[in-house]
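Dear colleague,

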Amino acid sequence: MAEKSLKIYFAGDLFDHKDLAGNLLLAAAIEKYSDNRYQVLLPQDGECEVANRTSQTIRDADFKLLFNSDLIVANFDGTDLDSGTVVEFCFAKMMDMPAVLLRSDFRDSGDHTLPDGEPWNLMCSHYPRTCVLHLNAMMCYHRNRPADRKIFLENFYAELARKIIAKLDEVVKAPSWLKKTDFAKQFQMTLNAVGGGVKSLFPEAERQKFIEKKIASGLFD
């Protein structure tokens, strides 16, 4: 696959100042430490541009951003996973998008007691072209905590970003189950499954160019 910038959909909570600022800082770090091999698309930015804001138009805009991405990083923090993030991850898997499941939360929950379990519901585990990255945010904080808070932020997010980039590099090399010859049909099925107004965001006149671009990405066999 040619060296070029791949777009990442960053799925996760965006409900408070910690979510919003943390997403932004981590996105910037991923781009910086990957030398811009990865470009992070934040739903919180895309939602700011939605006109006639309703639950459906915001949802549809998020799906458009997701489908225009090459990969997904899903934030799987929390004692219970964010339901919107899980939905986005599932539709990303319908399109065979390489995925990194990121957990920086050190708490145990879900089905972690099973031999191959993760700290979330088992129905969110064991998908193709998906890597799991467990980080302990508190330990990372302790390792990087200096007197200078600006230096701390740089070092803290640099550590997280480098580990995420390593997983992204790994998962993009995984073989695809969705073949180039089947991509157009699968995309149409996914649009039908999503429903709402998403199909209108991919007009027929532009859809073929979109499909050709996806096939040319090098992510599908």
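The notes below go through the cysteines, a serine and an alanine.

This is a predicted model, in which local features need pLDDT of at least 70 and side-chain atom pairs count only at pLDDT 80 or more, while totals for chains, interfaces and linings use all residues. Residues are numbered from 1 along each chain as its sequence is written, and side-chain values use heavy atoms, with hydrogens and water left out.

A disulfide is a covalent bond between the sulfur atoms of two cysteines. A search of the whole structure, counting pairs of cysteine sulfur atoms within 2.5 Å, finds 0 disulfides. For C124, the closest cysteine sulfur belongs to C90 and is 6.2 Å away, which is too far for a bond; for C140, the closest is that of C131, at 20 Å, again too far. C124 counts as buried because its relative accessibility is 9%, and C140 is buried too, at 2% (buried means under 20% relative accessible area, with a 1.4 Å probe and protein chains only).

S125 sits in the loop between β4 (99-103) and β5 (130-134), where strands are DSSP runs of E with at least two residues, and helices are runs of H or I with at least four, numbered from the N terminus. S125 is buried, with a relative accessible area of 11%, and, leaving aside neighbours within four places in sequence, S125 is in contact (heavy atoms within 4.5 Å) with E118 and W120.

Finally, A158 belongs to helix α6 (residues 149-171) and, at 4% relative accessibility, counts as buried.

Best wishes

Technical notes. Buried means under 20% relative accessible area, exposed over 50%, partly exposed in between (1.4 Å probe, protein chains only).
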